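Hello,

I am passing this structure on to you, along with a few notes on what turned up in it. Please have a look at it first, and then read on below.

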Amino acid sequence: MAVPDAAVRLTSLSHGAGCACKIPPGKLHPLLAELPRADDPALLVGHESADDAAVYQLSESLAIVTTVDFFTPIVDDPYDFGRIAATNALSDVYAMGGTPLTALNLVAYSLEELGDGPLRSILRGGADVAAAAGVAIVGGHSIDDREPKYGLAVTGAVDPRRLLRNSTARVGDALHLTKPVGGGVASTAAKRGLASEALVRAAVDVMTTLNRDASVAALEAGASAATDVTGFGLLGHLHELTLASAVSAEVEAGAVPAIPGALELLASDQPPIAGGSRRNREWVEPSVEWDPAVAEERRWLLCDAMTSGGLLIAAPEGSGAPGSRIGRVAEGEPGRIRVTA
């Protein structure tokens, strides 16, 4: 018997919301380091630099971008869950400077327990985002699972001469962030019944905004590197970028935009901090030098396990790169980040 969408609270079925359900970076990276490295010269980007997608060159002007991303529910509304998951998956191609072309649905779901109504809404949400991006959903795969999961495997194209990586940041470039962070705070607050309708709506609006225009603007600005900000948090993904690029970075905490209402919740007596955010902070803090003036809520915001976040872009100062200027690429020990107030 079908279960009405309104009767299903998707986040109650999720052990970790959205990208906060990712395997912690401190556990994941050592496992990836054990994998063999491909020696095919056509493989321009593999797993070694923890970049957003793999890139395989076919000709002087064409390379294939391939990525996959899926996660557990981050909101209760099935349609919005589908939209967020699809937007997040497409973002990996945009982070490489590419154009997504086709996608495959990835579905884990229990028809017996939830009925087919919510699944229809999830798939419709994903399809609507794909259509808006000009992407064809050409198939997929599903399994029976009591904990719902949804995402996409995406194939795109990029001109290798205009490829954006996370391993090519230049010392002296400014760092720009194209979306506010705090999605992990919003989703955790929603699960605990602490989030206002306005906060949830603001977070959904952020998480369903495609990074397509930001990617185009980054290329026009002559960006040296880019990555998207998702489950490992702003500092976590910046740490990966600086390690891969053999540089350090400086971040101005007060310049980092927050989803309206997120900082106030983080400053409360019982801040709704996602488990993924706690793991992010534990992993990245040995590489971070905090200015004592940086407030605790700001520190948590910079480690927030974001879902479908914006692009973090390194580009020349004054280049007109999109988003908020939040810091700069600096000389120093690779992977080190200095955070000022």
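In this predicted model, helix α8, which covers residues 233-245, packs with helix α10, residues 275-284. Their axes are 9 Å apart and the angle is about 40°. Angles under 35 degrees would count as roughly parallel and 65 to 115 as roughly perpendicular, so α8 is oblique to α10. As for handedness, the crossing of α8 and α10 is left-handed.

One is A246, found in the loop that runs between α8 and β9 (248-252). Its phi is near 60°, a positive value in a residue other than glycine.

The other is S308, which sits in the loop between α11 (296-302) and β11 (311-315). S308 is not a glycine either, yet its phi is positive, at about 50°. Is S308 buried or exposed? With a relative accessibility of 1%, where buried means under 20%, S308 counts as buried.

Key
Residues are numbered from 1 along each chain as its sequence is written. This is a predicted model: local features need pLDDT of at least 70, side-chain atom pairs count only at pLDDT 80 or more; totals for chains, interfaces and linings use all residues. Side-chain values use heavy atoms; hydrogens and water are left out. Axes are lines fitted to C-alpha atoms, for helices over the stretch in contact, and angles run from 0 to 180 degrees between N-to-C directions. Helices (H or I, at least four residues) and strands (E, at least two) are DSSP runs, numbered from the N terminus. Angles under 35 degrees count as roughly parallel, over 145 as roughly antiparallel, 65 to 115 as roughly perpendicular and the rest as oblique. A crossing is left-handed if the near helix is turned anticlockwise from the far one by less than a right angle, and right-handed if clockwise. Buried means under 20% relative accessible area, exposed over 50%, partly exposed in between (1.4 Å probe, protein chains only).
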